[in-house]
Structures are given as C-alpha cells and as structure tokens.
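Trainee: I have a structure open and would like to learn how to read its side chains. Could you walk me through it?

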Amino acid sequence: MARESERVVDYLTEVELLAESVMADKQQIISLDAKRHQNREALRALHNSSKQSGNVMVCFGDMFIKFSKSRTKDMIQKDQEHLDEEIRKLCNQLKMKVNRLNEAQGKPELKGFNLTPLTREEMHAITKILKN
C-alpha cells in the first residue's frame with residue numbers, strides 16, 4: 001500500500017512539475033511579446049516623428065541616453081529580431097513540453113500541434129499555381 005501511494009505522489013509531482021514548466025514558458029512568451037509590442041510602438045513613433053534626423057532620448061533602465069535616430073532604430077530592430085528568435089524557441093520548447101505533459105497524463109498527442117507555416121517561397125509557388 002505504501003509503494004502505491006509513493007507512486008501516486010511521484011506521478012502527481014511529475015505532472016505538476018511539467019504543468020508548472022508549461023505555464024512558466026507561456027508567461028515568458030507573453031512578457032516577451034509585450035516587450036516586442038513596445039518596440040513596435042517605439043519604431044512607429046520614430047518613423048512618425050517630425051524631425052527626420054537628429055538625436056532622440058532612449059531610456060536604459062533608470063537612465064536616459066541621447067542617441068542618433070538611425071542608431072536607435074537599428075538597436076530596436078536588433079532587439080526585435082532577438083525577441084522574435086526567443087519567442088520562436090520558447091514556442092518550439094512549449095510544444096515538446098505540452099506533448100510530454102499529455103503523455104504523462106495518459107492523453108493522446110495533440111493533432112495538428114506540430115504544424116509549421118509555409119515559407120515565402122512556398123507561398124509564392126502556391127499563388128503562382130493558383131493564378132494559372
């Protein structure tokens with residue numbers, strides 16, 4: 001009887017740890033996406049500003065630093081690329097973690113969960129075929 005209760009506790013602990021890992025990744029994706037949205041807003045504000053050249057004030061932590069507009073755009077765009085990459089990695093990890101969680105719970109693997117979007121070349125080929 002004690003062995004059985006230990007197995008149940010081990011099983012529940014494993015499922016709980018997997019679920020916490022999934023929830024942590026989801027929360028991290030949400031926070032990275034919020035930062036990505038703020039960067040888009042900043043790029044849009046830089047694009048719409050009345051001055052085409054000159055310096056802008058950029059906030060780094062608790063400091064404001066004056067940078068050129070072009071350098072600021074480059075920094076934000078690099079940050080956007082980095083955020084996109086991190087979100088993509090987390091999403092891929094999340095798929096695997098959800099599959100492990102479902103497996104641990106005895107549920108079947110989600111169908112259609114491992115789909116990947118078409119590349120630009122594939123989309124171009126499909127539109128070309130559809131136009132003919």
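Trainee: Is Phe67 buried or exposed?

Mentor: First, a word on the model. It is predicted, so local features need pLDDT of at least 70 and side-chain atom pairs count only at pLDDT 80 or more, while totals for chains, interfaces and linings use all residues. Residues are numbered from 1 along each chain as its sequence is written, and side-chain values use heavy atoms, leaving out hydrogens and water. Now the general idea: buried means under 20% relative accessible area, exposed over 50%, and partly exposed in between, with a 1.4 Å probe and protein chains only. Phe67 has a relative accessible area of 13%, so Phe67 is buried.

Trainee: Which aromatic pair does Phe67 form?

Mentor: Rings of Phe, Tyr and Trp (its six-membered ring) pair if their centres lie within 6.5 Å; planes under 30 degrees apart are stacked, over 60 edge-to-face, and the rest tilted. Searching the whole structure gives one aromatic pair. Phe60 and Phe67 make an edge-to-face pair, at 5.8 Å centre to centre with 85° between the planes. Phe60 is partly exposed, at 37% relative accessible area.

Trainee: How many salt bridges does the structure hold?

Mentor: Look for a side-chain nitrogen of Lys or Arg within 4 Å of a carboxyl oxygen of Asp or Glu. The structure holds five such bridges. One of them joins Lys89 to Glu85, with the closest N and O atoms 3.4 Å apart. These two sit four residues apart in helix H2, so about one helical turn separates them. Helices here are DSSP runs (H or I, at least four residues), as strands are (E, at least two), numbered from the N terminus.

Trainee: Which residues gather in the patch of negative charge?

Mentor: Patch members have over 30% relative accessible area and no salt bridge; like charges are joined within 9 Å, and nonpolar side chains (Val, Leu, Ile, Met, Phe, Trp, Tyr) within 5 Å. On this surface, Glu6, Asp10, Glu14, Glu103 and Glu109 gather in the negative patch. Helix H1 (residues 2–48) gives the largest share, three residues. Glu6 lies in that helix and is exposed, with 53% relative accessible area.

Key
Accessible areas come from the Shrake-Rupley method with a 1.4 Å probe; for residues, only the protein chains shown count as cover. Lys and Arg count as positive and Asp and Glu as negative; His and the chain ends are not counted. The place of a charge is taken as NZ of Lys, CZ of Arg, CG of Asp or CD of Glu.
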